Amino acid sequence: MESNTQFQQKISDDFAAWARESVGSRADRQHSLREFDIESWRYLSERGIWRIAVPAELGGENNTWWDFIAAFQGVARGGRDLGFCLSMVAQAGLIRALVRQGTPEQQKTWLPGLLNGQVSSMALTEESGGSDISKMAVTTGPHDALLSGTKVHITNAPVADVILVLGRSGDLEPKANATLFMVDASDPRLLRGPAETMLGNHTSPTGRLDFDGVPIAPVNVLGEPGNGLHLIHEIIAFDRLLYGMLATAYLDPLIDDLLNFVHERRAFHAVLADHQYVQGRITDIKFAVESTRGISRSAMEAVMSGSADASLLCSIAKYQAAESLRTGTENALRIFGHSGYEEGWVSRSVRDALGAVIAGGTAEMQKKNAFTQMVALR
Ligand SMILES: Cc1cc2nc3c(=O)[nH]c(=O)nc-3n(C[C@H](O)[C@H](O)[C@H](O)COP(=O)(O)OP(=O)(O)OC[C@H]3O[C@@H](n4cnc5c(N)ncnc54)[C@H](O)[C@@H]3O)c2cc1C
């Protein structure tokens, strides 16, 4: 029997190859069209990316979340499209939450579609609240179960089939009414805006969602009413460490490209690799990648074991991931020179990487959470 490590290597290589022939071969086109790559999404779903860590009785393949991460990193490595991977991060946390917290009815209702090609969103941000997600105004009425209000900047919103919404149960005490709602995006009382025009991540559309009295039944409430903030922080923590896994898998092949380039291109009677300033830029990327890899694995271990410092480590992993992507892609652009600055995958990766500094919580919010957790763990 294959050991876990061999299995994970195989699964990672398989998904890297499948992502290369789907996401990777279409990324340039999708970026210029500013369109989500639904064909590649369905292709990778058919190959079982979402089923990997889900129990067999729920339609999955009964492997572990570490195995899912191996596959996800394969997609990042082979597809080389940060936007596509940001769209995946939005879905991974929701599937894990449904497996862990969903009732049998909810699992039967929502999982089959999500495991087999549907797209989902996680809607937290509101215009007035921004980083402070606890200020949300989306709510059901005090005497009805109709969800109303607006979310903005939501990944996959323009194309999603299912949406997880952080809102309020209007019939509960205002201080303890945060609730997670599952919404079928085909409901006519949900209106979606067009894809927002962003600097990068053109293959991962974000958008606005207007809920205009969407009916909420028990199957639409994930977890206990009033427990939404607690639950969403657990979901977000997992998503945050995924950013770390994404950053390393995305930057590893970039380092290979740079090493090839600096051994071919010459300046001042030597290959670029002989110039110490150039070496320094590549070693900086490597240092960033390895520290991100280390903290992301620690965060994953903490999440899987339910350790008290999981949220702290996930915030550090997210912070480190965004910084590594930002500085790593910028260093790459500098080394590739004008060819890197031209329109193409190098300049695109810089623009996409900047999105990771905001999405999933800004750097300041990761520090804020890290400090709160440090105090709580004293
Ligand atoms: C590519 C992308 C994808 C996204 N996808 C999603 C999604 O799927 N779902 C979703 O819900 N949201 C999503 N967002 C929105 C994102 O989560 C928010 O943009 C982010 O939380 C910041 O909110 P804001 O833009 O309103 O900035 P603000 O909260 O207004 O913050 C503005 C600035 O002030 C800083 N700041 C705010 N408060 C403090 C403080 N207390 N201390 C120090 N600094 C502070 C922030 O760090 C930031 O630099 C996405 C954003 C991007 C760019």
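The model is predicted: local features need pLDDT of at least 70 and side-chain atom pairs count only at pLDDT 80 or more, while totals for chains, interfaces and linings use all residues. Residues are numbered from 1 along each chain as its sequence is written, and side-chain values use heavy atoms, with hydrogens and water left out. The chain is assigned domain 1 (4-118), domain 2 (121-226) and domain 3 (229-376), with bounds that come from an automatic or database domain assignment. Because domain 2 (121-226) and domain 3 (229-376) both give residues to the shell around the ligand, the ligand lies between them.

**Ligand site**

- The ligand has 16 residues around it, of which Thr125, Ser131, Thr155, Thr362 and Glu364 come nearest; a residue is near a molecule if one of its heavy atoms lies within 4 Å of it.
- Seven nonpolar, seven polar and two charged residues make up this shell, where Ala, Val, Leu, Ile, Met, Phe, Trp, Tyr, Cys and Pro count as nonpolar, Asp, Glu, Lys and Arg as charged, and the others, Gly among them, as polar.
- A nitrogen atom of the ligand lies 2.8 Å from a backbone N or O atom of Met122.
- The side chain of Ser131 has an N or O atom 2.7 Å from an oxygen atom of the ligand.
- For Thr155, a polar side-chain atom lies 2.7 Å from a nitrogen atom of the ligand.
- On its own the ligand has 970 Å² of accessible area (Shrake-Rupley method, 1.4 Å probe), and the protein covers 63% of this area.
- Two or more residues of the shell come from each of β1 (120-123), β3 (146-155) and α11 (363-376); helices (H or I, at least four residues) and strands (E, at least two) are DSSP runs, numbered from the N terminus.

**Domain 1 against domain 2**

- The centres of domain 1 and domain 2, taken over C-alpha atoms, are 23 Å apart.
- In contact (heavy atoms within 4.5 Å) are 26 residues of domain 1 and 24 residues of domain 2.
- The two domains bury about 2,000 Å² between them, 64% of it on carbon and sulfur atoms; buried area is the accessible area (1.4 Å probe) that two parts lose on being put together, summed over both.
- Arg34, Leu94 and Trp110 supply 32% of the area that domain 1 buries against domain 2, more than any other three residues.

**Positive phi angles**

- His153, in strand β3, is a residue other than glycine with a positive phi, near 65°.
- Phe268 is not a glycine either, yet has a positive phi of about 55°; Phe268 lies in the loop between β9 (266-267) and β10 (270-271).

Definitions and conventions. A polar contact is a pair of N or O atoms within 3.5 Å; within protein, one must be able to donate a hydrogen and the other to accept it, and residues adjacent in sequence count only if both atoms are side-chain atoms.
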